[in-house]
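Please read the points below with the model open beside them. They take the chain as a whole before turning to single residues.

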Amino acid sequence: MKVLVIGATGPTGERIVEQALTQGHEVTALVRNPDKLQMQHNALRAVKGDVLDADSLLTAMQQQQAVISSLGTKKISLAPVTLFSIGTKNLLEAMQHYNVKRLVCITGIGAGDSKGHGGFLYDKLILPLVLKRIYDDKDRQEAEIRSSNLDWIIVRPGFLTNEPAKGSYRVLTDLTGVTAGKISRADVATFVLQQLTDNRYLHQTPLISN
């Protein structure tokens with residue numbers, strides 16, 4: 001499958017690209033700086049651009065069959081954040097332009113109805129005091145996706161680690177009584193890639209966690 005990966009140079013995006021290539025997918029990576037794309041592979045193509053640049057998204061979207069978004073930011077901001085919502089709006093418009101239907105988007109624990117399921121420290125201190133602006137925009141991001149006519153799956157990982165894949169984890173859509181745990185980025189990548197062809201969680205927001 002021809003797959004466009006957003007956020008390919010991030011720690012989770014790198015694992016998605018690596019596993020996608022191993023599985024035989026043809027990967028296009030939209031990256032601000034192609035030099036940061038460490039991997040080289042005949043089935044990997046880098047397109048210089050940014051989700052906030054609609055023209056570069058249109059270039060990257062040509063001939064794609066699916067999109068994986070692992071969009072992230074390293075900046076903690078107390079000012080309003082718009083990267084996720086505006087970038088995703090541009091992404092959806094590019095997908096609609098080329099009639100690309102499948103979108104697998106990673107957001108995180110604390111987005112939408114997963115708020116309140118991160119444990120006391122995260123729910124009461126980290127999310128409201130440190131990550132509030134980011135997750136306010138991730139809520140808007142999810143709303144943009146939900147209102148689209150795409151075949152979307154929103155994946156909400158628990159607390160990400162760089163540990164090796166365990167190959168087993170919980171996939172939850174009913175969060176009653178649930179507190180998220182850790183999950184490796186490698187396991188997240190495996191789950192995300194499965195969603196390219198699996199309709200089990202279509203139009204749902206599974207939380208994945210050990």
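1. Buried here means under 20% relative accessible area, exposed means over 50%, and partly exposed is the range in between (1.4 Å probe, protein chains only). The model is a predicted one, in which local features need pLDDT of at least 70 and side-chain atom pairs count only at pLDDT 80 or more, while totals for chains, interfaces and linings use all residues. Residues are numbered from 1 along each chain as its sequence is written, and side-chain values use heavy atoms, with hydrogens and water left out.

2. The protein chain has six helices and 10 strands. These are DSSP runs numbered from the N terminus, with helices (H or I) of at least four residues and strands (E) of at least two. The radius of gyration is 16 Å, close to the 17 Å that the globule rule gives for 210 residues, so the chain is as compact as a globular protein of that length. That radius is taken over C-alpha atoms, and the globule rule is 2.2 Å times the number of residues to the power 0.38. Along its principal axes, the C-alpha trace spans about 45 × 35 × 35 Å.

3. Contact means heavy atoms within 4.5 Å. Of the contacts between residues at least 6 apart in sequence, 70% join residues at least 24 apart.

4. The protein chain exposes about 10200 Å², and carbon and sulfur atoms supply 49% of this area. Accessible areas come from the Shrake-Rupley method with a 1.4 Å probe, and for residues only the protein chains shown count as cover.

5. Which residues form a nonpolar patch on the surface? They are Ile76, Phe120, Leu121, Leu125, Ile126, Leu129 and Val130, with about 680 Å² of accessible area together. Patches are made of residues with over 30% relative accessible area and no salt bridge; like charges are joined within 9 Å, and nonpolar side chains (Val, Leu, Ile, Met, Phe, Trp, Tyr) within 5 Å. One of the patch residues, Phe120, sits in helix H4 (residues 120-129) and is exposed, with a relative accessible area of 64%.

6. The structure holds seven salt bridges. A salt bridge is a side-chain nitrogen of Lys or Arg within 4 Å of a carboxyl oxygen of Asp or Glu. One of them joins the side chains of Asp113 and Arg156 (2.5 Å, N to O). Asp113 lies in the loop between E5 and H4 and Arg156 in strand E6 (residues 151-157), so the pair ties together parts that are 43 residues apart in sequence. Arg156 is buried, with a relative accessible area of 0%. Asp113, Glu142 and Arg156 are linked in a network of salt bridges.

7. Asp136 and Lys132 meet in one (2.8 Å, N to O); both lie in helix H5, four residues apart, about one turn of the helix. Arg140 and Asp137 meet in another (3.0 Å, N to O), and these two are three residues apart in helix H5. Arg140 is partly exposed at 39% relative accessibility, whereas Asp137 is buried at 0%.

8. Lys138 deserves a look. This residue of helix H5 (residues 132-146) is buried yet has no salt bridge; the nearest side chain of opposite charge, Glu142, is 8.1 Å away. Leaving aside neighbours within four places in sequence, Lys138 is in contact with Phe84, Thr107 and Ala111.

9. Phe84, in helix H3, is buried at 1% relative accessibility. Leaving aside neighbours within four places in sequence, Phe84 is in contact with Leu71, Gly72, Thr73, Ile134, Asp137, Lys138 and Gln141.

10. Most residues other than glycine have a negative phi. Gln63, not a glycine, has a positive phi of about 70°; it is in the loop between helix H2 (54-61) and strand E4 (66-69) and is exposed at 64% relative accessibility. Asn99, also not a glycine, has a positive phi of about 60°. Asn99 lies in the loop between helix H3 (83-97) and strand E5 (102-106) and is exposed at 55% relative accessibility.

Definitions and conventions
Lys and Arg count as positive and Asp and Glu as negative; His and the chain ends are not counted.
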